[in-house]
Amino acid sequence: MSVDTIGNLAMHDDAKLMSMVARGRNDALTTLIDRWRHQVWTFIDRMCGYLGRTDDIFQDIWMRIYLYRKKYDPSRSFKSYLFTVVINCCRTNMSKHISK
């Protein structure tokens, strides 16, 4: 396997980066986070920003992506996979807020 620099990682598509993450390449996860930061952050803020937990939810999302990295199916859209995790994390946080 060739050694990629951070600059070279940005040229890979999301599925390739996730396969690299599954093999232990944390720098590939960093590239995905950087690539999707704005879209994910904006979605969280619009969906549950009133909770004041946008930072925590953002971190929870990427922790789940990392923890379940080997379950990602590269034949499917990473965006769909990511936003399924995003929506589920937001719903979980909203339901915790409602039950208080």
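**Entry 1: the glycine after α2**

I started with G24, which sits just after α2 and takes a positive phi of about 95°. Helices here are DSSP runs of H or I with at least four residues, strands are E runs of at least two, and both are numbered from the N terminus. A note to myself: this is a predicted model, where local features need pLDDT of at least 70, side-chain atom pairs count only at pLDDT 80 or more, and totals for chains, interfaces and linings use all residues. Residues are numbered from 1 along each chain as its sequence is written, and side-chain values use heavy atoms, with hydrogens and water left out.

**Entry 2: the whole chain**

I counted elements next and got 5 helices and 0 strands in the protein chain. Along the sequence, that reads α-α-α-α-α. The C-alpha trace spans about 50 × 25 × 20 Å along its principal axes.

How many of the 100 residues count as buried? I found 36%. Buried means under 20% relative accessible area, exposed means over 50%, and partly exposed is in between, using a 1.4 Å probe on protein chains only.

I also looked at contacts, meaning heavy atoms within 4.5 Å. Of those between residues at least 6 apart in sequence, 53% join residues at least 24 apart.

**Entry 3: the core**

I went for the largest nonpolar core, which has 29 residues. Such a core is a set of buried Ala, Val, Leu, Ile, Met, Phe, Trp, Tyr and Cys residues joined through side-chain atoms within 4.5 Å. V40, I44, I61, W62, I65, F78 and L82 have the most contacts inside this core.

Which elements give two or more residues to the core? They are α2 (14-22), α3 (26-48), α4 (54-67) and α5 (78-99). The most comes from α5, with 9 residues.

Leaving out residues up to four places away in sequence, I65 touches M18, L29, Y81, L82 and V85.

In α2, I listed D14, L17, M18, M20 and V21 as buried. They cover an arc of only 155° around the axis, which puts them on the same side of α2. The arc is taken from the directions that run from the helix axis to the C-beta atoms.

Then I turned to α4, which has 14 residues and reaches 20 Å from its first C-alpha to its last. That is close to the 20 Å expected at 1.5 Å a residue, where the expected span is 1.5 Å times one less than the number of residues. The buried residues of α4 are T54, I57, F58, I61, W62 and I65. Seen down the axis of α4, they fall within an arc of 130°, so they line one face of the helix. On the face turned away from that buried side I found the exposed residues Q59 and L67.

**Entry 4: R69**

Where is R69? I found R69 in the loop between α4 and α5. Is R69 buried or exposed? R69 is buried, because its relative accessible area is 18%. Not counting residues up to four places away in sequence, R69 touches M18, V21 and A22.

I checked polar contacts too: these are pairs of N or O atoms within 3.5 Å, where within protein one must be able to donate a hydrogen and the other to accept it, and residues adjacent in sequence count only if both atoms are side-chain atoms. The side chain of R69 reaches the backbone oxygen of Y66 at 2.7 Å.

T31 is in helix α3. At 9% relative accessibility, T31 counts as buried. Setting aside neighbours within four places in sequence, T31 is in contact with L9, A10 and L17.

S95 is in helix α5. I have S95 down as partly exposed, at 41% relative accessibility. A polar atom of the S95 side chain lies 2.9 Å from the backbone oxygen of T92.

**Entry 5: the cysteines**

I searched the whole structure for disulfides and got 0. A disulfide is a pair of cysteine sulfur atoms within 2.5 Å. C48 is buried, with a relative accessible area of 0%. I noted that C90 is buried too, at 0%.
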